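Morning, everyone. I have one model to walk through today. Please bring it up on your screens.

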Amino acid sequence: MTAYLRPTDDAHAIALRAAHADYLVLAGGTDLLVAAHHKPVPVGILDIAGRFAGISVDADAARIGAGTTWRAIATSAELAATWPILPAAAREVGALQIQTRGTIGGNLATSSPVGDGLPVLLALDATIHLASVRGARAVPYRAFCTGYRTTALGADELITAVTVPRPAPGTYLGWRKVGTRAAQSISKVMAACALELVDGRIAAARFGVGAVAARPIRAAAAEAAATGQPPTAATAAAVAAALRHDITPIDDVRSTAAYRLEVAGNLLARFVTNAGRAQG
Amino acid sequence: MTAPLTITVNGQPRTVAASPWRRLLDVLREDLGLTGTKEGCGEGECGACTVLLDGAPVCSCLVVAGQADGRAVTTVEGLADGPLLHAVQRELVARGGAQCGICTPGIAVCAAAVVDGGACRGGDARAQVRELLAGNICRCTGYQLIVDAIVAAAADVERGQP
């Protein structure tokens, strides 16, 4: 029969992971358990739901435990006050029944190109915290997801937390998901931004985009086109044009490469002009 | 052999000899005979199989039995207090917020959790219903009467009317 282990605390979870590298690690299960009855039965299950959970905020950063549910993120006043694009994205993950179970750590472990929480973490320059019996380490999210649904997570490691630094004063944060409807449907295109405005210019730009490459990516060429420029319509057009060098969208059941290219450019252009409007 | 699991279902501890990989949906319907919970898509998209797990609405097709071991589950059969329907059930009946009935148990369970939690009140009550019930899909008819019923139930709960 399938072994089923539920650790008693976080340290126990890390110890069990080392002892059972062949077990399925299960948090909320909203992705891994789709059509479970048609899937091969795992050798064993390590149920970490409820472990590594909770949100804490200090002067420098917010720390979100990997086991924190999207619902907890969606309803966090502390996150909404400083990192509003995180709760905004959380509210668009699936629907209530998915948000009550699905976790930010699960989204990271899967690192699907259409993971709804991931472009925001790229824009916020998130760091992923990992632990094993060998010790703890931290990896920037942009280096954590290495390819199509592959990550830097070791076979004996668990994701313990995500930290996002406090944005510099005057930073414009944006998030937009485009799909057939806000709830449930898998996205056609997603984009998030953090545009740091200093003296009327974009001093630093981070764009995270999803569903337009094999993994969620930072748009380096678009960022270069924005950096040092004023948040004007001309900069917006340059950013949209530069994005074509960053992304490799495909035709699939949900959308077309041409649509994704056009809309992703429009989303980034709108972030730039909205940032201009926000600074007044 | 399979180690027995203990799940508190609608207030009663139930012992089930099921694989921990068996879907909670199948445990409820086939092992415990609670057929009020319906399977729609089986992929977590439609909400017909919604039950409460420790009070939170979840898709029972996306929960396996091991995850429910030692936890409390409420199904549509557990919403009423004896002959007294939950406000959501009463308003769905009174306002015609149901047609074929496949999506209705999931809607009743999700809405009961939401209105008991104090949501769907005030000026944007309808918008709250549309967001919080976005995971419950009805393919028979529109959503107006369902939204009407949930807003009315939220007002009933706010007034303390059972």
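Some ground rules. This is a predicted model, where local features need pLDDT of at least 70, side-chain atom pairs count only at pLDDT 80 or more, and totals for chains, interfaces and linings use all residues. Residues are numbered from 1 along each chain as its sequence is written, with chains lettered from A and ligands numbered from 1 in the order in which they are written.

Chain B, then. Chain B has six helices and five strands. Those are DSSP runs, numbered from the N terminus: helices are H or I with at least four residues, strands are E with at least two. Along the sequence the pattern reads β-β-α-β-β-α-β-α-α-α-α. The radius of gyration of chain B is 16 Å, close to the 15 Å that the globule rule gives for 162 residues, so chain B is as compact as a globular protein of that length. That radius is taken over C-alpha atoms, and the rule is 2.2 Å times the number of residues to the power 0.38. The C-alpha atoms of chain B fill a box of roughly 55 × 30 × 25 Å along the principal axes.

How much of chain B is buried? Of its 162 residues, 52% count as buried. Buried means 20 or more other C-beta atoms within 10 Å of a residue's own; exposed means 12 or fewer; partly exposed lies in between; C-beta atoms are placed from the backbone.

Now the sheet in chain B. Five strands form an open sheet in the order 2-1-5-3-4, with mixed pairing. Two strands pair if DSSP finds at least two bridges between them. Strand 2 (12-16) and strand 4 (56-59) of chain B stand at the edges with a single partner strand each, so one side of each has no neighbour in the sheet. Neighbouring strands of this sheet are turned by 40 degrees against each other on average, direction ignored. Strand 1 (residues 5-9) and strand 5 (residues 72-74) of chain B pair in the parallel sense over two bridges. There, Thr8(B) stands opposite Ala72(B).

Helix 4 of chain B lies across strands 3, 4 and 5 of chain B, at about 35 degrees to strand 3. Axes are lines fitted to C-alpha atoms, for helices over the stretch in contact, and angles run from 0 to 180 degrees between N-to-C directions. Contact means C-beta atoms, placed from the backbone, within 7 Å.

Next, helix 3 (residues 87-94) of chain B. Its buried residues are Ala87(B), Val88(B), Gln89(B), Glu91(B) and Leu92(B). They pack against helix 4 (104-116) and helix 6 (144-158) of chain B. Gly96(B) follows helix 3 of chain B, with a positive phi near 70 degrees. Val115(B) touches Ala87(B) and Val88(B), among others, not counting residues up to four places away in sequence.

Over to chain A. Strand 6 (residues 127-132) of chain A is mostly covered, with five of its six residues buried. Strand 6 pairs with strand 7 (residues 135-140) of chain A in the antiparallel sense over six bridges. The two form a hairpin with two residues between them. His129(A) stands opposite Ala138(A) in strand 7 of chain A. Strand 6 also pairs with strand 10 (residues 158-165) of chain A, antiparallel, over five bridges. Thr127(A) has Thr163(A) as its bridge partner in strand 10 of chain A.

Further along comes another sheet. Four strands of chain A form an open, antiparallel sheet in the order 11-12-13-14. The edges are strand 11 (171-178) and strand 14 (217-218) of chain A, each pairing on one side only. Strand 13 (residues 201-210) and strand 14 of chain A pair over two bridges. Gly208(A) stands opposite Arg218(A) in strand 14 of chain A. Helix 11 (residues 257-279) of chain A lies across strands 11, 12 and 13 of chain A, at about 30 degrees to strand 12.

One loop residue deserves a stop. Pro113(A) sits between helix 6 (104-110) and helix 7 (118-123) of chain A. Why does Pro113(A) count as buried? Because it has 22 C-beta neighbours inside 10 Å.

Finally, the contact between the chains. It takes 24 residues from chain A and 26 residues from chain B. Helix 5 of chain A gives the most to the side of chain A that touches chain B, with three residues.

Terms used: Two residues are in contact if their C-beta atoms, placed from the backbone, lie within 7 Å.
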